[in-house]
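Work through these exercises with the model open beside you. Try each task before you read its solution.

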Amino acid sequence: MKTSFFKRGVAAFLALVLCAASIAGATSVYAVGEQAQVYKTTYPREGDANYDADWGHPRMEYMNGWSSQRSGHITLRAMGAYEGAISYCIEPGVSQDNLSTLTQWDESFWDNYPAELNHTITPDEIKTFIGRIFQYGYTGNISQGWMSHTEGADTLAYAVATQLLIWEVVVGERDSEFQKVDPGAYDAVLDQISTGNPLYSQIMAHYAEIEYGVQHHTTLPSFMARTPGSAQTVELEWDGSQYRTVLTDDNGVVGSYTFSSDDGLNFSVEGNQLIIT
């Protein structure tokens, strides 16, 4: 019996939609040419139990001419309101005033993206990776109530991790396989977050989760094929009560997939194994 397995199409479509809707730096959807104000919020907020901790970083010089000014805090952006949908910066070091007006661009922005701004990957790859980061990163609303000692700490860390990975892509610290690139004599984007930051561990945890999601976004379980013609033939054997077979995934991604069939087959995942009955 030959059974074809297909990747989760809805998730892939969502990544494409988010990329197209968010390419100007916001996850909100605006018509091309429409304008909206950007609202900036800095952290820590007044009343944070770790207000005097090491939240900032010195001036940093990144690959391909990008940079960031010295800062004593973390800044996040929202479109249309202080607690609106989060908006991510794709031009580190470019000055932006609070309540400044942005004009929405479409995906043609990347068709004219200057090659000298990233010598590691192409503009199309930058666009693709930003879309995938949106799929696995934080795309909700900002809260001015987020503090490092409250429940909002983890969401704040999630948003910061998402921004860091976007900047790594933009400055050239990620290659075509989304692997880290050594910046050499330049500063690394990740060095913005010191070990003294009260959210350091949570930021790094979300950073690793998003990184893993993007890197394995197109990885199939080792027993799967991308086309029906390349699919393997699997024989189900009678075990005394049912026909059954077990497929082992050497790539370790089978848990990220959902399997179904209209032919009376049942699927369950245990560890790195797919059990078909």
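The model is a predicted one.

**Exercise 1. Is S176 buried, partly exposed or exposed, and what does S176 touch?**

Step 1: S176 also lies in the loop between α3 and α4.
Step 2: S176 has 38% relative accessibility, so S176 counts as partly exposed.
Step 3: set aside neighbours within four places in sequence. S176 is then in contact with I121, E125 and F129.
Step 4: take F129 from that list. S176 and F129 are 47 residues apart in sequence. In space, their C-alpha atoms are 9.1 Å apart.

**Exercise 2. Work out the order of strands in the open sheet, then trace the pairing of β1.**

Step 1: four strands form the open sheet, in the order β5-β4-β1-β6, with antiparallel pairing.
Step 2: find the edges. They are β5 (86-87) and β6 (101-103), and each pairs on one side only.
Step 3: follow β1 (residues 35-43) to β4. Six bridges join these antiparallel strands. Y43 has I74 as its bridge partner in β4, and V38 stands opposite M79.
Step 4: follow β1 to β6. Three bridges hold this antiparallel pair. A36 has L102 as its bridge partner in β6.
Step 5: look just past Y43. The peptide bond from Y43 to P44 is cis, with omega near 15°. P44 itself is in the loop between β1 and β2 (60-61).

**Exercise 3. Which strands pair with β10, and what marks the hairpin?**

Step 1: β8 (residues 243-248) runs antiparallel to β10 (residues 273-276), joined by four bridges. V246 of the model stands opposite I275 in β10.
Step 2: β9 (residues 267-270) also pairs with β10 in the antiparallel sense, over four bridges. The partner of F267 in β10 is I276.
Step 3: inspect the turn. The hairpin of β9 and β10 has two residues between the strands. There, G271 takes a positive phi near 65°.

**Exercise 4. Compare the span of α4 with the expected one, and find what covers its buried residues.**

Step 1: α4 (residues 200-215) has 16 residues. From first C-alpha to last, α4 reaches 22 Å, close to the 22 Å expected at 1.5 Å a residue.
Step 2: list the buried residues. They are I203, M204, H206, Y207, I210, E211, G213 and V214.
Step 3: look at the spacing with a general rule in mind. An α-helix has 3.6 residues a turn, so residues three or four places apart point the same way.
Step 4: find the cover. It includes α2 (123-136) and α3 (152-171).

**Exercise 5. Is Q163 buried or exposed, and which residues are its contacts?**

Step 1: Q163 is part of helix α3.
Step 2: at 5% relative accessibility, Q163 counts as buried.
Step 3: beyond neighbours within four places in sequence, Q163 is in contact with Y88 and C89.

**Exercise 6. Describe the largest pocket and its lining.**

Step 1: the space in the largest pocket is about 540 Å³.
Step 2: 26 residues line the largest pocket. Nearest its centre lie H57, S71, T75, R77 and W167.
Step 3: sort the lining by class. Ten residues are nonpolar, twelve polar and four charged.
Step 4: trace the lining to elements. β4 (74-79) and α3 each supply at least two of its residues.

Key: Residues numbered from 1 in each chain as written. Predicted model: local features only at pLDDT ≥ 70, side-chain atom pairs only at ≥ 80, totals over all residues. Heavy atoms only, no water. Expected span 1.5 Å × (residues − 1). Buried < 20%, exposed > 50% of the residue type's maximum accessible area, 1.4 Å probe, protein only. Contact = heavy atoms within 4.5 Å. Pairing = 2+ DSSP bridges. 1 Å grid on protein atoms, 1.4 Å probe; cavity = no way out; pocket = protein on both sides within 12 Å on 5 of 7 lines; lining within 4 Å. Points joined across faces, edges and corners; volume = space filled by probe spheres on them. Nonpolar A, V, L, I, M, F, W, Y, C, P; charged D, E, K, R; others polar.
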